[in-house]
2 protein chains.
Amino acid sequence: MAKTTQHIPRNSVNDLVKVLRERIAQHEYQPGAKLLENDIAGEFNVSRARVREAFGALESRGLIQRIPNRGAEVVRLNLTQMFAIYEVREILEGLCVRLAVQNSKPESWQDLVVQFGRDMERHVRNGEYEEYIGKLELVRRRTAEAAHNPVLAEMLDSINDKTREIMRRIIILPGRAAEGLKQHRAVLAAMRKGDAALAEKLKRRNIRSSREFLERFQSFVL
Amino acid sequence: MAKTTQHIPRNSVNDLVKVLRERIAQHEYQPGAKLLENDIAGEFNVSRARVREAFGALESRGLIQRIPNRGAEVVRLNLTQMFAIYEVREILEGLCVRLAVQNSKPESWQDLVVQFGRDMERHVRNGEYEEYIGKLELVRRRTAEAAHNPVLAEMLDSINDKTREIMRRIIILPGRAAEGLKQHRAVLAAMRKGDAALAEKLKRRNIRSSREFLERFQSFVL
DNA sequence: GGCAGCCGTTTTGTCGACAATCTTGTTGAC
DNA sequence: GTCAACAAGATTGTCGACAAAACGGCTGCC
C-alpha cells in the first residue's frame, strides 16, 4: 500500500542546503568566513526562516559552527582535526573498497583499470590534474555505489565535504599525483582480481600515504 | 583575543534537538511515528519556526524523514539497513578501541576490568540487565573519550542513536548477555594489557556476534 | 454496497515584523 | 594619545499570520 518511492525531498530548503554544502566544500565560502542570514536569504530570494532551517542541517553536518547571537561561520579545521578525519577516513574507505569488491563482479572494474592506464600517466606527468581529479571522483562514486551501503556512503560524503578542497591541494604537491596514481592503480588491480582483502589493505595504505603528504606539507595545504 | 571557549551553543533550538534525539533513540517516538510540528511546538511552548529548524538537524542526522507537504516521521529501519549500520559499526568501534588503547595507559582500564568482574556475572545470571547495560554505556563513553577523535565520536553517537533501543532488545535475547559479557571481558583484558591490535580484533568480533543475534532473532527485535 | 467527487479541517510552507543582542563608530574625560 | 562610556546600526532570535497542500468525512450517483 505505502508505495516506498524513496522520493528525494524536493523541498526548497534541501536545495538550499545542497548549494551551500557545495560552496563550503569547494571553499567558495572560505573556512572561517561568516555566513550572514540576510545575504543568503537575499541572494536566493527566500526568507531568513528558510536559511535558518538550512543552517540547522549544515551545523549538524559539521560544516558550519553557530554561536548564539553571533551568527554562523564555516568550520575551520586545524591539523589535529584533519588527522582525526584521516583516521576515520582510512578505515571507511578501506571498508568501502572491500564491500565494493565483494558485491560485484571483477570484470565490472575493467573500464576503470583502462581509464587509469597510460593516458592517465601522461596527464599526470604533464600536470593536467583536472583529468586526474575527475577520474578519482569517478572511482569514488563507482566504489561507493557498488559497496551498497547507504550509511557508509553518507559518512564518506560527509568526510568528502570537509576534505575535498584539501585533497585538491595535496594532489598538486610535488610527487603526490604520481605516487597517488601508482597506488590507485594497485588498488584497482586488486579489485579487478576480485581480491577484496588486498584491495582494502592497499586502499588504506593509499589514504595513509595521502595523510603523510598532508603532514609534511601542512603549511602549504592548511 | 578570540578566547576559543568551545561553548556548546546554548541555543534553545539545540536543546530541542537534544530532547527529540533522545526520544527517538529510546523509541519514545516509535519508528514510523508522525511528528507534528504543532504538537511539539505546543509542548515546548515555542513557535513552529524553531521546531522546523530542529527538524532540519534531525533530518540530516538521519533520525527523521521529511516528505514535502506531508510532514516528518521517525525513520524506520529494516533488516537490510540495520546490517548496513553494523558493517560500519564494526570497523568504527574497532578503531575506537584501538585508538583508546594507543592513547592511554593500560592501568587506566583497571577499574572497568573490576566492574566487569564476578558481580557483573551474577547480575547477568539473574537477568538484572539494567546494571549490565549501564556498565556497557560507561565503557562506551570512556572508550570514546580516550580515543580522542571527535569525528569518530560523532559518528558513533549517530549510530548509537539509531541502534540503542535495538541493542537493548538484543541483550535480552536468550544467551546474548552471557556471551556478550564474556566478549566484553576479553576486550577489556586486551585493553588492560595494552594490546591495541588484539583489542580491536576482539571488539570487531563482538560486534559481529551481536549482529548474528540480530539476524537470528530479527523477528523479535525489529 | 461501492466509489468518485466535493468541502471543511488539519497540517505544512513561507513570509515579514518585532525584540534582543552584538558590533562599530563616536564622543569625551583624563 | 588612550581608554571608557555611549549611541547608532547591523545581525540574530523569536513569533504569529497567511497561503498552499494534504487529509478525512460526507454526499450523491451508479
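By what turn and what shift along the axis can chain A be laid on chain B? A turn of 180 degrees and a shift of 0.0 Å do it, with an RMSD of 0.0 Å; the superposition is by least squares on the C-alpha atoms of residues with pLDDT of at least 70 in both copies. That is the relation of a two-fold axis. The same surface serves both copies, as 100% of the contact residues of chain A recur in chain B; contact means C-beta atoms, placed from the backbone, within 7 Å.

This is a predicted model, in which local features need pLDDT of at least 70 and side-chain atom pairs count only at pLDDT 80 or more, while totals for chains, interfaces and linings use all residues. Residues are numbered from 1 along each chain as its sequence is written, and chains are lettered from A and ligands numbered from 1 in the order in which they are written.

**Stop 1: α3(A)**

Select residues 48-60 of chain A. Helices here are DSSP runs of H or I with at least four residues, and strands are runs of E with at least two, numbered from the N terminus. α3(A) has 13 residues and spans 18 Å from its first C-alpha to its last, close to the 18 Å expected at 1.5 Å a residue; the expected span is 1.5 Å times one less than the number of residues. Of the 13 residues, 11 are buried, so α3(A) is largely enclosed by the rest of the structure. Buried means 20 or more other C-beta atoms within 10 Å of the residue's own, exposed means 12 or fewer, and partly exposed lies in between, with C-beta atoms placed from the backbone. Among the buried residues are R50(A), F55(A) and L58(A). The buried residues pack against α1, α2, β2 and β3 of chain A, and against α1 and α3 of chain B. Just after the helix, G62(A) has a positive phi of about 80 degrees.

**Stop 2: DNA strand C**

Next, show the 18 residues that surround DNA strand C, each with its C-beta atom, placed from the backbone, within 6 Å of it. The closest are S47(A), A49(A), N69(A), E37(B) and G71(B). α3(B) gives the largest share of this surface, three residues.

**Stop 3**

N69(A) sits in the loop between β2 and β3 of chain A. N69(A) is not a glycine, yet its phi is positive, about 70 degrees. N69(A) is exposed, with 8 other C-beta atoms within 10 Å.

Finally, go to H148(B), in the loop between α7 and α8 of chain B. The phi of H148(B) is also positive, near 65 degrees. H148(B) is partly exposed, with 16 other C-beta atoms within 10 Å.

Key. Two residues are in contact if their C-beta atoms, placed from the backbone, lie within 7 Å.
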